[in-house]
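Subject: Structure handover

Hi,

My notes on what turned up follow below it.

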Amino acid sequence: MSAPFTFATAGSIRFGAGVAGQLGEVVAGLGSRVMLVTGGSPERTAAVHGGLDVVAQHRVGHEPTMDDARTATAAAREAQVGVVVAVGGGSAVDLAKAVGILLVSGRDPLDHAEVIGKGEPLPATSVPVVAVPTTAGTGAEVTANAILASHQHQVKVSLRSPAMLPRVALVDPELTLDCPPQVTASSGMDALTQCLEPLVSPMATPLTEGFCRTGLEAASRGLRDAFLHGANLEARTDMALCSLMGGLALANAKLGAVHGLAGPLGGMTGAPHGAICAALLPGITAANVAALEARDPQNPALGRYREAARIITGVDETEALIGWLNETLRVLEIGGLAEMGLTTGRIDELCDKAARSSSMKGNPVVLTPEELAFVVRGSL
């Protein structure tokens, strides 16, 4: 008998080539006076958002920070914004969600931040947010949190509330066709990670397991091809689907040690989140399998790792999955953590910060500091 569970997601999801053309209609149904949050090159998506009643705009060409949230929220409040629209990658979507909830809260983001802040509850409502992702990676268009970096603390943390789920998500694979290869690679590996980690999470449910399976199937078809042949709409559609499925899953079943390490490591080095996840994923997968076999051989996560191997490689063995992950890193030309700025002298600091991450609650087994450090050294 299935255990009780709950599930939450965006108010409406529209998926498919061309759905971004519905943005004007969607926004008109929610209100007026739009704040537009974009990536660093808003001209790239001008055809999508050009007809909106934009009264405030914020560009975020990097992973968003606490200061970005403060500045954008202040601009939105001054302009009396009624709808926040994100057209961009995960950074733009996360910042838009933060602005929407902070407009209602009226507080500083650190008052609500996990780990480094006061952790005070966020409001039960938000200014409506519409998310139009232009990369296939984070699934932020269907998650209830926003990840913000604090340079002061050298860490990335979340604002988290069910009210932060976007009102509408428009997921259009055509918007990812001009993603550069390295963005495609890192965001695609993030999407894959966000399907594998919730699959083996102790908080997995029948719904999230289904999303994870669909996402892994899509990644097995599309990840390498989207990198090698960026104009292939079929491969891009597969990866947009993988990203969406991962977002739906992680929002309801949590992530694991890859993201537990990636959050603080991104804050320490400034390296792209997806590339960090990619470098860590094979080692964490191997460490989890070894720890489960040694300490909890009846854990259902072992069977789910084998299932993931079968979905991706056709072989029902965890070694095949780990081998495929390592080979994919080579195909996607993603290097190790040393290339991203991590030095051996900071490994203990990283593992200490990771131990306090909320993502660790979704790992299928508690990894010791020594096991985490072993993975990090092997991922350099």
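The largest nonpolar core has 75 residues. A nonpolar core here is a set of buried Ala, Val, Leu, Ile, Met, Phe, Trp, Tyr and Cys residues joined through side-chain atoms within 4.5 Å. Buried means under 20% relative accessible area, exposed over 50%, and partly exposed in between (1.4 Å probe, protein chains only). Met-189, Leu-192, Leu-216, Leu-261, Leu-337 and Val-376 have the most contacts inside this core. Helix 10 (residues 273-295) gives the most to it, with 12 residues. Helices (H or I, at least four residues) and strands (E, at least two) are DSSP runs, numbered from the N terminus.

This is a predicted model: local features need pLDDT of at least 70, side-chain atom pairs count only at pLDDT 80 or more, and totals for chains, interfaces and linings use all residues. Residues are numbered from 1 along each chain as its sequence is written, and side-chain values use heavy atoms, with hydrogens and water left out.

Leaving aside residues up to four places away in sequence, Val-376 touches Leu-261, Leu-280, Leu-337, Leu-342, Ile-347, Leu-350 and Cys-351. Contact means heavy atoms within 4.5 Å. A second, separate core has 35 residues, among them Ala-86, Leu-102, Leu-103 and Ala-146.

Next, the second largest pocket. Its volume is about 330 Å³. A pocket is an open set of points on a 1 Å grid over the protein atoms alone, where a 1.4 Å probe fits, with protein on both sides within 12 Å along at least five of seven lines; lining residues have an atom within 4 Å of a point. The volume is the space filled by probe spheres set on the points, which are joined across faces, edges and corners. Of the 19 lining residues, Pro-282, Gly-283, Val-375, Gly-378 and Ser-379 are the closest to the centre. Helix 10 supplies the largest share of the lining, 7 residues. Helix 10, helix 12 (318-331) and helix 14 (369-378) each supply at least two.

Finally, two backbone points to check. Gln-80 has a phi near 55°, a positive value in a residue other than glycine. Gln-80 sits in the loop between helix 3 (66-78) and strand 4 (83-88) and is exposed, at 60% relative accessible area. Val-115 has a positive phi too, near 65°. Val-115 lies in the loop between helix 5 (109-112) and strand 5 (129-133). Val-115 is exposed, at 53% relative accessibility.

Best wishes
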